[in-house]
Amino acid sequence: MLIRKTQVAVEIEATEGTAETLEAADAFLASNVDFQPAIEMNERDPLRSNLPPWASVPGKRQATVTFDVDLAGTGTAGDPLPFADALKACGVSETLVADTSATYKPASDSVPSVTIGVYMDGKIYKTWGARGTFRLDLANGKPGVIHFTFTGADWSEEDGSMLSGVSYNTTLPPVLLSANFSIDAYAALIDSLSLDAGNEVVLRPDINKPSGHRSALISSRRPTVSFDPENVLVATHDFLGNWKSGALMALSATLGSDTGNTIAISAPKIQYQEAGLADRAGLSIFELTGLCTVDSGDDEWQIQIT
């Protein structure tokens, strides 16, 4: 089977932990797709007169699915992202304003579970009752990439055809150039930026389910940003002083400028948690990690497409 011939589809579940029937409209472009099923094998080791092992008993099941997507709008302002259901299952809310914007930020309530299908050249791997987390990586001159990791409550494998009639988003992802990056109103010289949703995902036990799990659940989150500014004089910008003082600082950056594909990333109150000196081709830089702290609610960070 050819790995290149793979599709990923995600659909929000009408009933939590009950698998949905996936359709062409649920599919989107993805790369680096990986499906890892797991079964808890209960070993048996009774006392006996010889040394060979006894057969284990299969028990609880779960699955992990990972994949990457390019961060790209649809070219139409106000349209949802093609992978919006995946974001929602990572504890992200979506606000659409027709012909204007699509805004994504953290959510604490009404986080849906999803069914995920991986269609691989004649076989279908599926997990359900899934929720997850993600990390957005941005690098100088490259498109943004979102790395998703999902935990599912159960899984299946079967022979089957790939989804037909799929319409993929053809809008090219913008690259990280002319980004207007700033931290604490300072236009730092950086080469990369990362936003990690920082979700803690746990499985809900349920002995009434054949897998032993009801669904996966996001029990907490600790979103962070990481970036690598060039070192400057304290009089220019005091990175370590802001760490010492526990300062809360606004961060922002923008990818692209086309309608429906201009992506603004922001966090209103970053607080440095880690800082260290490093070398970038002979230039002194800082490697900084900041906690995305609360402003007035579920608003530690925001991604808006206009």
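Of the contacts in this chain with a separation of 6 or more, 68% are between residues 24 or more positions apart; contact means heavy atoms within 4.5 Å. This is a predicted model, where local features need pLDDT of at least 70, side-chain atom pairs count only at pLDDT 80 or more, and totals for chains, interfaces and linings use all residues. Residues are numbered from 1 along each chain as its sequence is written, and side-chain values use heavy atoms, with hydrogens and water left out.

The secondary structure comes to two helices and 19 strands, taken as DSSP runs (helices H or I, at least four residues; strands E, at least two), numbered from the N terminus. The C-alpha trace spans about 75 × 55 × 40 Å along its principal axes. Of the 306 residues, 42% are buried, that is, under 20% relative accessible area with a 1.4 Å probe, counting protein chains only.

Now the lysine. K126 lies in strand 8, residues 123–139. A polar atom of the K126 side chain does lie 3.5 Å from the backbone oxygen of E20. Leaving aside neighbours within four places in sequence, the contacts of K126 include E20, F35, D154 and W155.

How values were computed: A polar contact is a pair of N or O atoms within 3.5 Å; within protein, one must be able to donate a hydrogen and the other to accept it, and residues adjacent in sequence count only if both atoms are side-chain atoms. Buried means under 20% relative accessible area, exposed over 50%, partly exposed in between (1.4 Å probe, protein chains only).
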